[in-house]
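Dear colleague,

I am passing on a structure that you have not worked with before, and below it you will find my notes on what turned up when I went through it. Please read them with the model open beside you.

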Amino acid sequence: SSGINAEYGYMKGITELTTLDGVELRDWTVTLLPLDNLECLHSVEEQRARSATQEPPSFLPGSLYIGELVACVEGTDTFLDTTLWGKGVAFFGDINLGRYWPLAGPQLTLYIPSPFCKGRTMRVTMLELERPSSSMTVQFLDTPNLRGPVDPSQL
């Protein structure tokens with residue numbers, strides 16, 4: 001790939017010199033993380049622990065935020081509100097709900113169909129790539145919010 005998006009004519013990917021403490025980084029290794037389930041994220045956490053002692057340095061951006069949802073009502077569709085989060089991927093149980101990026105919009109909520117609830121406590125996992133919500137919480141809504149993007153001054 002030439003790095004140029006032919007349809008829109010702009011550069012994609014890393015377009016400038018990349019350095020760490022003023023030293024150019026070379027010989028990149030890129031690792032694909034298939035996000036169809038959470039197994040790949042467990043291996044990322046293991047590699048993050050190992051990378052602290054590796055040379056050259058390893059970069060594993062992003063953080064996992066895991067919480068429990070206790071008010072999951074079977075038979076009711078709901079929407080995960082990502083308005084206060086940065087950019088990433090949300091999981092409900094082991095189900096990938098999709099990507100979120102409220103500053104880009106227009107979608108600010110992710111749909112959770114009622115069969116996903118299963119009438120029990122479900123785990124919510126946020127793979128956050130930029131910045132977590134300052135409250136470190138998520139909110140569930142009865143209706144979708146498609147009125148994005150979010151105004152950064154409102155965060």
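Thr83 is buried, since its relative accessible area is 17%, and the cut-off for a buried residue is under 20%. Please keep in mind throughout that this is a predicted model. Thr83 sits in the loop that runs between strand E4 (78-81) and strand E5 (88-92), and its side chain makes a polar contact of 2.5 Å with the side chain of Asp81.

Thr83 is also one of the residues touched by Asn145, a list that otherwise holds Pro106, Gln107, Leu108 and Thr109, once residues up to four places away in sequence are left out. Asn145 itself belongs to the segment after strand E9 (139-141), and with a relative accessible area of 13% it counts as buried. A polar atom of the Asn145 side chain lies 3.0 Å from the backbone nitrogen of Arg147. Asn145 can also be placed relative to Leu80, from which it is 65 residues away in sequence, while the distance in space is 9.6 Å from C-alpha to C-alpha.

In soluble globular proteins, nonpolar side chains tend to be buried together.

As for the chain as a whole, it contains one helix and nine strands, which follow the order β-β-α-β-β-β-β-β-β-β from the N terminus on. The chain has 155 residues, of which 29% count as buried, and its accessible surface comes to about 10600 Å², with 53% of that belonging to carbon and sulfur atoms. Among the contacts in the chain with a separation of 6 or more, 71% are between residues 24 or more positions apart.

Notes
Residues numbered from 1 in each chain as written. Predicted model: local features only at pLDDT ≥ 70, side-chain atom pairs only at ≥ 80, totals over all residues. Heavy atoms only, no water. Helix = DSSP H or I, 4+ residues; strand = E, 2+ residues; numbered from the N terminus. Buried < 20%, exposed > 50% of the residue type's maximum accessible area, 1.4 Å probe, protein only. Polar contact = N/O pair within 3.5 Å; in protein donor to acceptor, adjacent residues only side chain to side chain. Contact = heavy atoms within 4.5 Å. Areas by Shrake-Rupley, 256 points an atom, 1.4 Å probe, with all protein chains shown as cover.
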